[in-house]
Amino acid sequence: MSSPATAIRVVESALREFGASAVVLTSFQREGVVIVDMVQKAAPGTTVLTIDTGRLPKATFEMIRSIEDRYSIHVERIHPDPAEVASMVESHGRDLFRDGYPQRVLCCQVRKVRPLARRLADVGAFFAGLRRSQSDSRADVEIVDRSSSPVKICPLADWSHRDVLDYIAANGLPEHPLYAAGYTSIGCDPCTRAVAAGEDERAGRWWWETDESKECGLHFTPDGRVERHVDVLLREILERATV
Ligand code: SF4
């Protein structure tokens, strides 16, 4: 495991290197709260960002207020482009993510990925709470990823779930209220559910998707280029959003 002292050294070193151009990005799950705590103790007032997709559970806003009070900060909410959301909802409905993997990825692109990319464009580095043991797709998370732009810093990359719980207990940190309801990973309200004992930590995210349904399919453009289905959908809704 990485001790809290090692993770705090990573935080302090990044803050020295990037100064005010370093930000924290969090959805206020346990790991994110640990990062906020380390960063605010090292450099009070460091910018904390969260993505308000428009589909977050009420409990997340309670958590945001609790963090704002605790550290006397204002958490900056990143919002999707209203015209892009309107175009997507008009074309595919508000709950399009139930229709298939491409539609789900489209919704995540419009509500999360694109707004975040716009906001991070002038940021030097961002702290995130990813851990390698959370899922197979996170097994290679680096503590400092300089191939990412902006630089991505994950001080808890080699922490276990137990390490996180111990830090929270030792520092008396607040926990997102949905953990008490059986959630182990928390995101948008319609795409997150509680998990059963023994299930993977991220089993409650997009639980209706199977590996087969994630085959998003390829499409061919008139000039013979291959496009993913989600790219086609995104292009269509962006065209309508700019009309
Ligand atoms: S998690 Fe669900 S509601 Fe949230 S942006 Fe992705 S598909 Fe849309």
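Student: In which sense do strands β1 (residues 22-25) and β2 (residues 48-51) pair?
Tutor: This is a predicted model, where local features need pLDDT of at least 70, side-chain atom pairs count only at pLDDT 80 or more, and totals for chains, interfaces and linings use all residues. Residues are numbered from 1 along each chain as its sequence is written. Strands are DSSP runs of E, at least two residues, and helices are runs of H or I, at least four, numbered from the N terminus. Pairing takes at least two DSSP bridges; β1 and β2 have two, and the sense is parallel.

Student: Which residue of β2 is the bridge partner of L25, and what is the hand of the crossover?
Tutor: L25 has L49 as its partner in β2. The chain runs from β1 through helix α2 (residues 30-42) to β2. With the strands pointing away from the viewer, a clockwise path from the first strand over the helix to the second counts as right-handed. This β-α-β crossover is right-handed.

Student: Which residue of β4 stands opposite V24?
Tutor: β1 also pairs with strand β4 (residues 125-127), parallel, over three bridges. Opposite V24 stands F127.

Student: Which residues of helix α7 are exposed?
Tutor: Buried means 20 or more other C-beta atoms within 10 Å of the residue's own, exposed 12 or fewer, with C-beta atoms placed from the backbone. V230, L233, L234 and I237 are buried. They sit on the same side of α7, because their arc, taken from the directions from helix axis to C-beta atoms, is only 100 degrees. On the other side, the exposed residues are R235 and E239.
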